[in-house]
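User: Hello, I am new to this structure and would like to get to know it through a few questions. Could you walk me through it?

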2 protein chains.
Amino acid sequence: MSTLISSVDYLPGISIDCVIFGFHDNQLKILLLNFKSTDWLAVPGGFIKESENLEEAAQRILEERTGLTNIYLEQFHVFGDRNRRDNEVMKSAMAAGGNIIGPDHFLMRRFISIGFYALIDFTKATPTPDIHSDTCEWYDIKEIPTLIYDHSLMVSKALETLRFFLDEKLIGFNLLPEVFTMNDLQNLYETILDKKLLRTNFQRKMLSLGILERLDKKMTGAANKAPYLYRFTGK
Amino acid sequence: MSTLISSVDYLPGISIDCVIFGFHDNQLKILLLNFKSTDWLAVPGGFIKESENLEEAAQRILEERTGLTNIYLEQFHVFGDRNRRDNEVMKSAMAAGGNIIGPDHFLMRRFISIGFYALIDFTKATPTPDIHSDTCEWYDIKEIPTLIYDHSLMVSKALETLRFFLDEKLIGFNLLPEVFTMNDLQNLYETILDKKLLRTNFQRKMLSLGILERLDKKMTGAANKAPYLYRFTGK
DNA sequence: AAATTATTGTATCATTGCGGTACAATGATA
DNA sequence: TATCATTGTACCGCAATGATACAATAATTT
């Protein structure tokens, strides 16, 4: 009857939570789950099997929520404060989903969560709710409601890390389709960094990196010069 | 009889390991423990009490090994590979110390370790072995032998992170005494980054940060101009 | 006490990177 | 053919950094 997870299958006291970024309509978005029959929103998470490495567990969790494999991801922080989870909230959330949890249950223990952020091509993802949630939907990063537990903190820390490594690791390209215009790329950067960039200088900088292959022009049908398409060539 | 830790006191399956950096004689050093009656070297580590936040646990572990409180530290990575620890090695290490461990013991389970790096004033630390080790000593970062488990990986990852944030977070100053010369500071930077820097430009850059207070000169007795002493004033 | 020596503090010049502006090129429409 | 919006690139100027030059100074040597 109950589909609740048990401690038999997973490492106790450790979870993984994933801040999954996507980009669409010039908006940076993340995937959030809605606990069944509640208003509570949470970042997708899961647990680690005895047979899995950490990154494998994260990849599995991400695949379950997005349908994608081989996702770009990085661990960015461990959240382990003594009181980071309110167990009453957990209990209520589970109860609303039809699962009654006793005080000695696996999930009532203290949990330490490893935060991963993931970058995916929005156009390829198929958001899928998990067993405890009604919905799995994209939320504009500028309009994130208050989240459960310390998940709001997770999101801001993930975003901070994403911004910090955007240039350093050239990770932004994971958020775009294979082929894109310089304008697409600039919009992505401006959205992530939340500031305007000068078109000419941005173009100069990106081209100087030597990581872009210039393809055919993109004939938009608009009454102006057609932009080139580019492909990211990690080198 | 046995002073071995038990799972009653600590969170199961999670450990903390600390790469503790110090600076002396123009050498960057880390503290390593030597398992009793073996050649095995390891980074100091410990476990997390139910009552502790992660950073509190790390501070406790660091105080036990160095005698210092209020240490600068940061978590830098989680090490959780399925086979990161060889339990036979763990068993032997414990046996050499007089502790016999059964196959179902707390320590025989899979462990996930949170890596912290710490920066301390070498002149103030009192390295102290733990219950399982004979010695707790400084090792020049350039001459680190092979370490137990994945501890070699931990050290290189910690060093990489230290280098990356050296300017960003101005963390180098935690490795020096309160008062130092510009030459001391430059030697520290050159050692951490493992490359020579131009004296004049280094001085210009450090002074332009506006984080140094110039004190009296340091009369060394040498036949040359006496350098100023500086104090770090975080702002 | 004047010359010497090693080191330190600072000024100066050259190069690079980046913010900002100007302008030519272009694909469609009027 | 003229117009328009957008794109690609060249150019100017400033700030940061690399590199060199030189004056200042604490002791020693003459």
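Predicted model: local features only at pLDDT ≥ 70, side-chain atom pairs only at ≥ 80, totals over all residues.

User: Which helix gives the most to the surface near DNA strand C?
Analyst: At least two residues each are supplied by helix H5 (199-208) of chain A and by H4 and H5 of chain B. With three residues, the one that gives the most is H5(A).

User: And which element provides the largest share of the surface near DNA strand D?
Analyst: DNA strand D is surrounded by 20 residues, and the closest are A:Thr200, A:Asn224, A:Lys225, B:Thr200 and B:Lys225. Two or more residues of this surface come from each of helix H4 (182-193) and H5 of chain A, and H5 of chain B. By class, the surface has eight nonpolar, eight polar and four charged residues. The largest share is three residues, and it comes from H5(B).

User: Are H4(B) and H5(B) roughly parallel or roughly perpendicular to each other?
Analyst: In chain B, the axes of helix H4 (residues 182-193) and helix H5 (residues 199-208) come within 11 Å and cross at roughly 105°. Angles of 65 to 115 degrees count as roughly perpendicular. H4(B) and H5(B) are therefore roughly perpendicular.

User: Which residues make the contact between H4(B) and H5(B)?
Analyst: The contact of H4(B) with H5(B) has four nonpolar, two polar and one charged residues. H4(B) brings B:Met182, B:Leu185 and B:Gln186. From H5(B) come B:Arg199, B:Phe202, B:Gln203 and B:Met206.

User: Which strand gives the largest share of the side of chain A that touches chain B?
Analyst: The contact takes 17 residues from chain A and 17 residues from chain B. On chain A, the elements that give two or more residues are strand S1 (10-24), strand S5 (72-79) and strand S6 (112-119). By class, this side has seven nonpolar, five polar and five charged residues. The largest share is four residues, and it comes from S1(A).

User: What kind of axis relates chain A to chain B?
Analyst: Chain A is superposed on chain B by a rotation of 179° with 0.0 Å of shift along its axis, at an RMSD of 0.1 Å. The same surface serves both copies, as 100% of the contact residues of chain A recur in chain B. The rotation and shift are therefore the relation of a two-fold axis.

User: How many residues of domain 2 of chain A are in contact with domain 1 of chain A?
Analyst: Chain A is divided into domain 1 (10-169) and domain 2 (177-232). Their centres, taken over C-alpha atoms, are separated by 31 Å. Strand S2 (27-35) and helix H3 (151-165) of chain A each supply at least two residues of the side of domain 1 that touches domain 2. Nine residues of domain 1 are in contact with residues of domain 2, and on the domain 2 side the number is six.

Definitions and conventions. Residues numbered from 1 in each chain as written. Chains lettered and ligands numbered in written order. Axes fitted to C-alpha atoms, helices over the stretch in contact; angles between N-to-C directions. Parallel < 35°, antiparallel > 145°, perpendicular 65-115°, else oblique. Contact = placed C-beta atoms within 7 Å. Nonpolar A, V, L, I, M, F, W, Y, C, P; charged D, E, K, R; others polar. Least-squares fit on C-alpha atoms with pLDDT ≥ 70 in both. Near = placed C-beta within 6 Å. Domains from an automatic or database assignment.
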